[in-house]
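Here is a friendly walk through one protein chain, meant to be read with the model open beside it.

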Amino acid sequence: MSDEEALVAVEREVALMFRRGRARVAELSRRVHPGLDGMAYSLLGYVEQAGRVRVTDVGAHFTVGKATVSRQIRALEELGLVAREADPLDRRAALVSLTEDGRRRYLAARDARMRRVCEVMGGWSQEDTVRFAELLHRFNDVLAEPPVD
């Protein structure tokens, strides 16, 4: 396989992974709550990992605008999955955290996701799994860099 053919194969596989990933995240969002779609599962995961986080930081993490993240947070708040409070260090800012129900629902969906990952990669050696994780991390680091013009 030539270098160009290898790069085309990588691009094709990454595109497929992204398409499947978007569908899987939407499915996991609905698993958390039937009224959710889109990036809700990922957003809940970020908030769960962060604990309490500024709404603006959530938007920055997902590179979405203030209106988009506010709409997403409001939907999660209306479903009782997250709670919003004023930031004690800056009353103009808001902090968001998972409610107990939100944490319980998110963790149940995450556990189901991890069972699936274990099924899919169960036949892989630890060495292959570690190497795959390292390569994905390296790839994601490069994707995070601004493009060179």
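## Starting at an arginine

Arg 54 is partly exposed, at a relative accessible area of 27%. Here buried means under 20% relative accessible area, exposed means over 50%, and partly exposed is in between (1.4 Å probe, protein chains only). Arg 54 forms a salt bridge with Asp 87, and their closest N and O atoms are 2.8 Å apart. Arg 54 sits in strand 1 and Asp 87 in strand 2, so this pair ties together parts that are 33 residues apart in sequence. Asp 87 is buried, with a relative accessible area of 5%.

A note on what you are looking at: this is a predicted model, in which local features need pLDDT of at least 70 and side-chain atom pairs count only at pLDDT 80 or more, while totals for chains, interfaces and linings use all residues. Residues are numbered from 1 along each chain as its sequence is written, and side-chain values use heavy atoms, leaving out hydrogens and water.

## The overall layout

The chain has six helices and three strands, and along the sequence they follow the pattern α-α-β-α-α-β-β-α-α. Helices (H or I, at least four residues) and strands (E, at least two) are DSSP runs, numbered from the N terminus. The C-alpha atoms fill a box of roughly 55 × 40 × 25 Å along the principal axes.

Of the 149 residues, 25% count as buried. The accessible surface comes to about 10,400 Å², and 54% of that belongs to carbon and sulfur atoms. These areas come from the Shrake-Rupley method with a 1.4 Å probe; for residues, only the protein chains shown count as cover. Among contacts with a separation of 6 or more, 49% are between residues 24 or more positions apart, where contact means heavy atoms within 4.5 Å.

## The sheet and its helices

In what order do the three strands sit in the open sheet? The order is 1-3-2, with antiparallel pairing. Strand 1 (53–54) and strand 2 (82–87) are the edge strands, each pairing on one side only. Two strands pair if DSSP finds at least two bridges between them. Six bridges join strand 2 to strand 3 (residues 90–98), and a hairpin connects these two strands through two residues. Bridge partners across this pairing include Glu 85 with Leu 95 and Ala 83 with Ser 97.

Helix 2 (residues 40–50) lies across strand 1, strand 2 and strand 3, at about 105° to strand 3. Helix 4 (residues 66–78) lies across strand 2 and strand 3, at about 120° to strand 2. Axes are lines fitted to C-alpha atoms, for helices over the stretch in contact, and angles run from 0 to 180 degrees between N-to-C directions. Within helix 2, Gly 45 is buried, with a relative accessible area of 13%.

## More salt bridges

How many salt bridges does a search of the whole structure find? There are twelve, counting a side-chain nitrogen of Lys or Arg within 4 Å of a carboxyl oxygen of Asp or Glu. One of them joins the side chains of Arg 52 and Glu 85 (3.8 Å, N to O). Arg 52 lies in the loop between helix 2 and strand 1 and Glu 85 in strand 2, so the pair links parts 33 residues apart in sequence. Both are partly exposed, Arg 52 at 46% and Glu 85 at 34%.

Arg 131 and Glu 134 also meet in a salt bridge (3.7 Å, N to O). Being three residues apart in helix 6, they are separated by about one helical turn. Arg 131 is partly exposed at 43%, and Glu 134 is partly exposed at 43%. Elsewhere, salt bridges that share partners join Arg 54, Asp 87, Asp 90 and Arg 92 into one network.

Val 10, Met 17, Phe 18, Phe 139 and Leu 143 form a nonpolar surface patch, with about 430 Å² of accessible area together. Helix 1 (3–32) and helix 6 (126–144) each give two or more residues to the patch, and the largest share, three residues, comes from helix 1. Patches are made of residues with over 30% relative accessible area and no salt bridge, joining like charges within 9 Å and nonpolar side chains (Val, Leu, Ile, Met, Phe, Trp, Tyr) within 5 Å. Val 10 is partly exposed at 42%, and Phe 18 is partly exposed at 41%.

Most residues other than glycine have a negative phi. Thr 63, though not a glycine, has a positive phi of about 50°. Thr 63 lies in the loop between helix 3 (55–62) and helix 4 and is exposed, with a relative accessible area of 72%.
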